[in-house]
Structures are given as C-alpha cells and as structure tokens.
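Here are my notes on the model, for you to read with the structure open beside them. Please take the points in order.

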Amino acid sequence: MSQDIGDFVPPSCELLGLGEPTHGEPAFGWVRNDLFDRLTGLGFRSIALEIDRVAALAVDDYVQGGPGSLDDVMRDGFSHGWGGFAPNRALVAWLREHNATRPPEDRLTFHGFDAPTENTTAPSPRAYLEHARDHLGLDLDLAGLLGDDERWHHTDAIMDPARSPGATPEAEKARVIADDLLARLHERAPESPRAAWSRAKTHLTAGIALLRYHRQAAIPLDQGARIRLLLATRDAIMAENLFAIRDAETRRGRTLVFSHNLHLKKTPSTWEMRGTSMTWHGAGEIVASLWGDRYAFIASSLGRSAALGLGDPPAGTYEDDLGGRFATWGLTTTMPSGLTRTDTTPPMGYFPLAADTLDGADALLHVADGTSLRR
C-alpha cells in the first residue's frame, strides 16, 4: 500500500481535509508535517489549522519573515493552548525556514480557520469590531456600547442563557453596526492596501461571528440542544472561514486543512456527551455540499497510544483490521471492515472509527502506534 500522498489527492481537489481522531496523540501532527512537506510539490501553498483565525495572523506574519521570536508566536498565535504542541512548533519553524529563500509569491502561508472561542467561553466582539472601525477611521464608541469584556467572556455567558449578553439591545445594535462596517469596508476597498483591507475584514468577520455565537448562547434551550446549536454555529463559522481562505489562496495554489475528523468529515457529525447524542452539520459536510469534488477528505484512526492510555484495538474492530495492514502508519483507499471499538473512555479523547466517518472519505490515514512516531 502506498504512502505517497500524491496517490490520494484527486486532481480536482483545491482543499484537502486531513482529519485526526484525537487532539491528544502527537503522532498525527508529525505525520501532518511530513505530508504537507510532500504536498508542496503538488501545488499546495497554504495550511490551515483548527485555531483562531485572527490569532493565527501573527503566525503567518512570522513565517513570512516578520519580527518576533518563535516562543512569542507559539504563545500568542495559537488558541486552545496548542502552541505548546511540539509538532505545531516544528511546523512553524519549518515554514519560516522554507520561506526564507523564496520570493513572496512562492512562500507558504499559514491560517487558522476556527472562531475565537473555547468550548465554554467566547470573548467580547469589541476588539475585533474596533480593528475595522480604526481601519476605516470612524468615530464609534464600541466599548461604551458593549460594556466590560468580562461579562462576555465569562463561562456563564455561554452556559447560562439568562447571563448571556448576546440578546441585549446593545448586542442587537452592535450587530447592525457590524453590518454597516462590513458594507463600508467594501465601499472603501479601493482606498486601502489589499493586505490591510484583508486584515480588517478578517477581524470584522470574526467580530460578526462572535455576535452570532453569543446570540445563539442567549436562546433558552435544554443543555443538550443548547450545546448542539453552539457546535453547529461554530462549524458554520469554520466553513465560512475556509471559503474565505480559499478565496485568498486560489491564485497561489491548493490548501491543506488539518482538524478533528468531526469538523472535516463529509457526513453529519455526532457526539455523545453525558448520555445525550448530538448531531449537526460540520464544516467539512458544509464545504462538500457546496464544492463537490473540489474538497477531499482523508479520515484518520489510531491503533494504540501511550499518550492516551489506549491499548491494542479489540479483534474485529476497524482499527484491528487496519493494524494488520500497517506496522507504523499508512494511507489507503481500501476502507476497513469491522465494528466500532468500545474500549475507549471520554478522558482519552479518542473518537473511534465509525461507519459514518468512513462514508464519503476519499482515503484513510491509520497510525498503528503513536509511540513509533515520537520525535
């Protein structure tokens, strides 16, 4: 079976999704780095990770040769604490080194495609809207309108609809202002350097997304329905960001996007939490529904992992079938047969391979043992 990534990228593919079944096994980050290096020979010129799109602007500045230190950019440019992951640090260092000897048009670019949110918190939209306001040179007191940032960022603002500021008159006014800012930004595009305009739009659309997310958080629903709505809202934002990234990159080359299988799969995403099953349309399903074969998805699975405390897969499972094919890791389009493994626990953070993940996948990446790929 081939490990040549070129064998698994359809000619029509502009955006290649590479999934991971857990964020806790570093092996997938190391494989991602290796594959992206190879993909640059197939016309890929950008990579997008599951981190805050606005924060990631600092990472791209750095890999383009900008000032600052690697330590600073890993701290400030990565959300979710993922700047501390060794494969991510290695990726950023390699991108800067790769770009150092190349002209701007041939350099690789770095993107985040996530909303600026955590699982149970979301910041105030104030700073994002103010960036666009300042770019346009307007006099708007957004701090006075939106109030203290902490009342937006507090966990209760997301988890308790009664504490959410998302449906207040001030928030509704901010939504109108944000829409006006977006219209004004487009009206005045000829007056601004393209890079500054794009940066302002990225901040503004993030602020609009936050207003939308907080508005959803204000809807009184039972907790399961509430979380499902927020998951769906976040993935819709992710899909919008992927479309925007591809719009910026379309003349330069193709894009690799790396994220959890749940966000990139072409079928509905499902998550069991505290006995409640939640299903929603993930970013990959949204993109695939609109782009067809311009989007391709490589799902991933894991055999065993010391980092997660995950043992050998039970006989008869999908992972057991794949373990018989690959000693370390490999790619295949021959999908496994078997059952979904049931020897995992929520603290492990591993989402076992299931039929709905395989459905629509263009290929599959299997890591037999995460330990074998330590660096």
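Predicted model: local features only at pLDDT ≥ 70, side-chain atom pairs only at ≥ 80, totals over all residues.

1. The chain has 375 residues and a radius of gyration of 21 Å, which agrees with the value near 21 Å for a compact globule. Along the principal axes, the C-alpha atoms fill a box of roughly 65 × 55 × 40 Å. The secondary structure comes to 15 helices and 9 strands.

2. Burial and contacts. Of the 375 residues, 52% count as buried. The chain exposes about 15800 Å², and carbon and sulfur atoms supply 52% of that area. If we take contacts between residues at least 6 apart in sequence, 75% of them join residues at least 24 apart.

3. The sheet. In what order do the 7 strands of the open sheet stand? The order is β3-β2-β4-β1-β7-β9-β8, and the pairing is mixed. β3 and β8 (329-332) are at the edges with a single partner strand each, so one side of each has no neighbour in the sheet. From one strand to the next, the twist averages 25 degrees.

4. Pairing of β2 with β4. These two strands pair in the parallel sense over 5 bridges.

5. Neighbours of β1. Strand β1 (residues 15-20) is joined to β4 (residues 254-260) by 6 bridges, and the two run parallel. Glycine 19 stands opposite serine 259 in β4. β1 also pairs with β7 (residues 295-304), again in the parallel sense, over 4 bridges. Here the bridge partner of glycine 17 is phenylalanine 297 in β7.

6. Burial of β1. Why is β1 described as largely enclosed by the rest of the structure? The reason is that 6 of its 6 residues are buried. Both faces are covered: Leu15, Gly17 and Gly19 are buried on one side, and Leu16, Leu18 and Glu20 are buried on the other.

7. α4 lies across β2 and β3, and runs at about 145 degrees to β2.

8. Helix α2 (residues 56-63) is largely enclosed by the rest of the structure, because 6 of its 8 residues are buried. The buried residues are Ala56, Leu57, Val59, Asp60, Tyr62 and Val63. Their cover includes β2 (44-52), α3 (70-76), α4 (86-99), β3 (109-114) and α10 (194-217). Glycine 65 follows α2 and has a positive phi, near 105 degrees.

9. In soluble globular proteins, nonpolar side chains tend to be buried together. In this model the largest nonpolar core has 45 residues, and Leu16, Phe78, Val92 and Phe110 have the most contacts inside it. Helix α1 (residues 27-39) gives the largest share of this core, 6 residues. Apart from it lies another core of 23 residues, among them Met238, Trp291, Leu353 and Ala361.

10. Phenylalanine 110. Which residues does phenylalanine 110 touch, not counting residues up to four places away in sequence? They are Ile47, Leu49, Ile51, Ala56, Val59, Asp60, Val63, Phe78, Leu91 and Leu95. Among these, Ala56, Val59, Asp60 and Val63 are buried residues of α2, and Phe78 is one of the residues with the most contacts inside the largest core.

How values were computed
Residues numbered from 1 in each chain as written. Heavy atoms only, no water. Buried < 20%, exposed > 50% of the residue type's maximum accessible area, 1.4 Å probe, protein only. Pairing = 2+ DSSP bridges. Contact = heavy atoms within 4.5 Å. Core = buried A, V, L, I, M, F, W, Y, C linked by side-chain atoms within 4.5 Å. Rg over C-alpha atoms; globule rule 2.2 N^0.38 Å. Areas by Shrake-Rupley, 256 points an atom, 1.4 Å probe, with all protein chains shown as cover. Axes fitted to C-alpha atoms, helices over the stretch in contact; angles between N-to-C directions.
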